[in-house]
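Work through the exercises below with the sequence and the model open. Each task is followed by a solution in steps.

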Amino acid sequence: MTKGGKVAVTKGSAQSDGAGEGGMSKAKSSTTFVATGGGSLPAWALKAVSTIVSAVILIYSVHRAYDIRLTSVRLYGELIHEFDPWFNYRATQYLSDNGWRAFFQWYDYMSWYPLGRPVGTTIFPGMQLTGVAIHRVLEMLGRGMSINNICVYIPAWFGSIATVLAALIAYESSNSLSVMAFTAYFFSIVPAHLMRSMAGEFDNECVAMAAMLLTFYMWVRSLRSSSSWPIGALAGVAYGYMVSTWGGYIFVLNMVAFHASVCVLLDWARGTYSVSLLRAYSLFFVIGTALAICVPPVEWTPFRSLEQLTALFVFVFMWALHYSEYLRERARAPIHSSKALQIRARIFMGTLSLLLIVAIYLFSTGYFRPFSSRVRALFVKHTRTGNPLVDSVAEHHPASNDDFFGYLHVCYNGWIIGFFFMSVSCFFHCTPGMSFLLLYSILAYYFSLKMSRLLLLSAPVASILTGYVVGSIVDLAADCFAASGTEHADSKEHQGKARGKGQKEQITVECGCHNPFYKLWCNSFSSRLVVGKFFVVVVLAICGPTFLGSNLRIYSEQFADSMSSPQIIMRATVGGRRVILDDYYVSYLWLRNNTPEDARILSWWDYGYQITGIGNRTTLADGNTWNHEHIATIGKMLTSPVKESHALIRHLADYVLIWAGYDGSDLLKSPHMARIGNSVYRDICSEDDPLCTQFGFYSGDFSKPTPMMQRSLLYNLHRFGTDGGKTQLDKNMFQLAYVSKYGLVKIYKVMNVSEESKAWVADPKNRVCDPPGSWICAGQYPPAKEIQDMLAKRIDYEQLEDFNRRNRSDAYYRAYMRQMG
């Protein structure tokens, strides 16, 4: 509960202590009112009880966060989920088996055949390092676990850690144990976080969310007082860990930078200057950036990438402000005086001019990197990034109101209410924690609107502000019913009480003005305590059922149950019976057990991680999607006519795997395959049809394909054996080798495979090392005529939003953007 155990105050002046040090001030305001004493619990007793209850709720929430995330283990066992987690597990196992040095020099020739992938320079390794570190520690303690099981449980472990960190942020912004406790409760089961932290969901976000919250907590904690700025160094370390786990570190970096800027403006509005803010941010930026550039995919991008330069600009201008403050103090000019403004204007204009000169020079040399397609998608309408690969990903669709409620449930309404009341409170008394949460709310809401996947970022702040509403109301109730009059009534008042029952007793109680609920109650019921207490009871009766009595707990359990499916194994109803569908998992095991170890498997990129992780076979592409041209090549092979496709595939693959179920089958994805292929090979669809609208089905009926679709390899592989013999395949090209139990997966053997091309690719002499003699040795496409003729038609794909691109107005680009609307 609140540290002050009393409810009302005598109106006085607000006194600021350290307002210039990051805006953290201690304000005291009070209101005097008269109330009848008696019938209330002692303040110290109620405070002790409320503290114990808050502690119990916090402990329960941490346990609940772990337990609900184990739903998948109870239903399906200790199994890795979905797609990307299989690569993360495979990489963790590789690190454990081969060590640090080999891991960072790992060139994986089992993926992206025939090119391979330099894993050591393209992976965010924090999650793998965490998994191996836990594995080593458990072995030292004699509680050894397999890498598989550690990868399964890490999301649940870090879900509990993230719950604690969200609660700490709530406490830092409210100074209330009850707000802290209820934040932990809401965050422990909020669906938006559950969707990325169920046991088995060993993806980057499950660890990165905890790292993000640790960074945010350390940052806000460093601004608590004028002496807490050294904690900014811990914020930098936490940020470095965050960078090593997830590409979403860009949000964290800009969030802290923007908040530092807001704190500067708030200090100026209060007529103060905070050197501790400068020190905290400098420690965060310098240490965090120093660690970030050590992460292979990041390197020097903090100084080159447009989406990361904001933090650098804030750093430079904060030091420019510090220098101007030094000059102002020498001139003894008040902070809001015209002389002070002139000093700052000269310093800022000089700094800006210098930065512009440097930026113009570097821009002319091509030094800066453009916004990536995924970042650009946050600022333009979805499906208009210019990249058909990015536009094809369902998670990149904007979130709707139904999505917000579905993933936040009651926390969606609590977020809105909490934002309003915290804004009102911040207007009277704003701490760094409050301003941080308000800014976090705005940015998280905006990015969630642009991309449904980023609803994950809304989970912490929505839970914290919902906890702020509920916890503040509980604090109000506790303080309202605490008896403090007997502790503070003077002897004369006690004598007056003894003389007659009708005489009123003067009660002096304190009310923390930072809480808008307290302020509203104190101002409204200062002379009507009984009515005030009745009002609190009514508010509790409304808010209790709304937030705690809602079906959030039941809804979250149902959501966890639905998210617990590993996707390669799922429950379904077949013929009126509930069965376990394990077609996908068994199919990958069939590859492992029934194909040669050097077998190459062609499939759409979605399944690459599972083919290598479970099937232990070489695949042509996977979810890393680092090479657009190569994915387009796969799209071309799958969507071209059968004979043309076979002429290409025989040089690159031994088997073709397709998902053949009606729902979620490759036929549903096939228009995207043609569209992506056509972005590089413009002979798939006509120039005025970059969206390949002629490659599909009439009225969405799979039995009514368009002529282009009917001729394609993918359609023929999908329909063969399922349409009463209407679709035929040349056995000299493809032979059906395996069909899963429920027909969800088909595997075809490629006939007449070119052993010459296979041997040529396998020969290390045909790899190109860059630089020569290094471990980064990329494979090449075989010199077969069919392959080389195809590559000759390939257009080197450039990000269409790249400002260094010279030919931005080609006919394809104009037609693509026009049809995307």
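This is a predicted model: local features need pLDDT of at least 70, side-chain atom pairs count only at pLDDT 80 or more; totals for chains, interfaces and linings use all residues.

**Exercise 1. Disulfides**

Which cysteine does a disulfide join to cysteine 426?

Solution. Residues are numbered from 1 along each chain as its sequence is written, and side-chain values use heavy atoms, with hydrogens and water left out.

Step 1. Apply the criterion: a disulfide is a pair of cysteine sulfur atoms within 2.5 Å. Three disulfides are found in the structure. Cysteine 426 is joined to cysteine 430, with an S to S distance of 1.8 Å. Cysteine 685 is joined to cysteine 692 at 2.0 Å, and cysteine 769 to cysteine 777 at 1.9 Å.

Step 2. Count the bonded cysteines along the chain; the pattern is 1-2, 3-4, 5-6.

Step 3. Read the torsions about the S-S bonds. For cysteine 685 and cysteine 692 the torsion is about 115 degrees, so this disulfide is right-handed. For cysteine 769 and cysteine 777 the torsion is about 100 degrees, so that disulfide is right-handed.

Step 4. Check the accessibility (buried: under 20% relative accessible area; exposed: over 50%; partly exposed: in between; 1.4 Å probe, protein chains only). Cysteine 426 and cysteine 430 are both buried, and cysteine 685 and cysteine 692 are buried. Cysteine 769 has 27% relative accessibility and therefore counts as partly exposed, whereas cysteine 777, at 11%, counts as buried.

**Exercise 2. An open sheet**

In what order do the five strands of the open sheet stand?

Solution. Step 1. Strands (E, at least two residues) and helices (H or I, at least four) are DSSP runs, numbered from the N terminus. Two strands pair if DSSP finds at least two bridges between them.

Step 1. The order is β10-β9-β11-β13-β12, with mixed pairing. The edges are β10 (618-619) and β12 (734-739); each has a single partner strand, so one side of each lacks a neighbour in the sheet.

Step 2. Look at one pair. β9 (residues 600-602) and β11 (residues 655-659) are parallel and joined over two bridges. Opposite leucine 602 stands valine 656 of β11.

**Exercise 3. Helix α28**

What span should helix α28 have, and how far apart are its end C-alpha atoms?

Solution. Step 1. The expected span is 1.5 Å times one less than the number of residues. For the twelve residues of α28 (residues 628-639) this gives 16 Å, and the end C-alpha atoms are 16 Å apart, which agrees.

Step 1. Check the cover: twelve of the twelve residues of α28 are buried, including His628, Lys636 and Thr639.

Step 2. The chain has 35 helices and 15 strands.
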